[in-house]
Structures are given as structure tokens and as C-alpha cells.
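Dear colleague,

Please find the structure below, handed over for your records. My notes on it come directly after.

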Amino acid sequence: MTTDRPLWSYKDIAAHIRVQPDTVRSYRKHGLLPPPDQVEGGKPYWYADTIRAWVASRPGNRGRRIE
């Protein structure tokens, strides 16, 4: 993985949105996650900015801020 822009795994995304990693996998399975920015060794990874934008646009977000 590159070090200049952090890539997030399911576990990182789950911690960010406060759910279990299996929930994030389910989101991807049902087409709710954006496509991965990179796939390494068959595992998907997303840039943190990609996930932050996705979180901000999720239905029910109501403008709350997750850090």
C-alpha cells in the first residue's frame, strides 16, 4: 500500500462509521459502497477521502459529522 494517501480496509471503514466489519462487507455486496480505489491480493481498499465523501452522502446522514 502507498503511504502518502492512507488506504482503508473493511475494518477501518467499520471503525469510522461505528459498525461491524461484516456490515461493511454487506454494504459492498448490496452495492452500497463505492467501488474500491485499489485491490491488492484480491482485497479491496478505499482512500479515506472516498469513504468520507460516501459517509457524507449516505441517506439519513442529516448533516451529522463523524470524525
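This is a predicted model: local features need pLDDT of at least 70, side-chain atom pairs count only at pLDDT 80 or more; totals for chains, interfaces and linings use all residues.

Residues are numbered from 1 along each chain as its sequence is written, and side-chain values use heavy atoms, with hydrogens and water left out.

The protein chain has 3 helices and 3 strands, arranged along the sequence as β-α-α-β-β-α. Helices (H or I, at least four residues) and strands (E, at least two) are DSSP runs, numbered from the N terminus. Of the 67 residues in the protein chain, 31% are buried; buried means under 20% relative accessible area, exposed over 50%, and partly exposed in between (1.4 Å probe, protein chains only). Among contacts (heavy atoms within 4.5 Å) between residues at least 6 apart in sequence, 48% join residues at least 24 apart.

Two packed helices are described by the angle between their axes and the distance between the axes. For helix α1 (residues 10–17) and α3, the axes come within 11 Å and cross at roughly 40°. That angle makes α1 oblique to α3. Axes are lines fitted to C-alpha atoms, for helices over the stretch in contact, with angles from 0 to 180 degrees between N-to-C directions; under 35 degrees counts as roughly parallel, over 145 as roughly antiparallel, 65 to 115 as roughly perpendicular and the rest as oblique. On the α1 side, I13, H16 and I17 meet I51, R52, W54 and V55 of α3. By class, this contact of α1 with α3 has 5 nonpolar, 1 polar and 1 charged residues. Ala, Val, Leu, Ile, Met, Phe, Trp, Tyr, Cys and Pro count as nonpolar, Asp, Glu, Lys and Arg as charged, and the others, Gly among them, as polar.

R52, in helix α3, is partly exposed, with a relative accessible area of 43%. Leaving aside neighbours within four places in sequence, R52 is in contact with W8 and H16. R52 and H16 lie 36 residues apart in sequence and 8.9 Å apart in space, C-alpha to C-alpha.

T50 also lies in helix α3 (residues 48–57). T50 is buried, because its relative accessible area is 19%. Beyond its neighbours within four places in sequence, T50 is in contact with P34 and D37.

With kind regards
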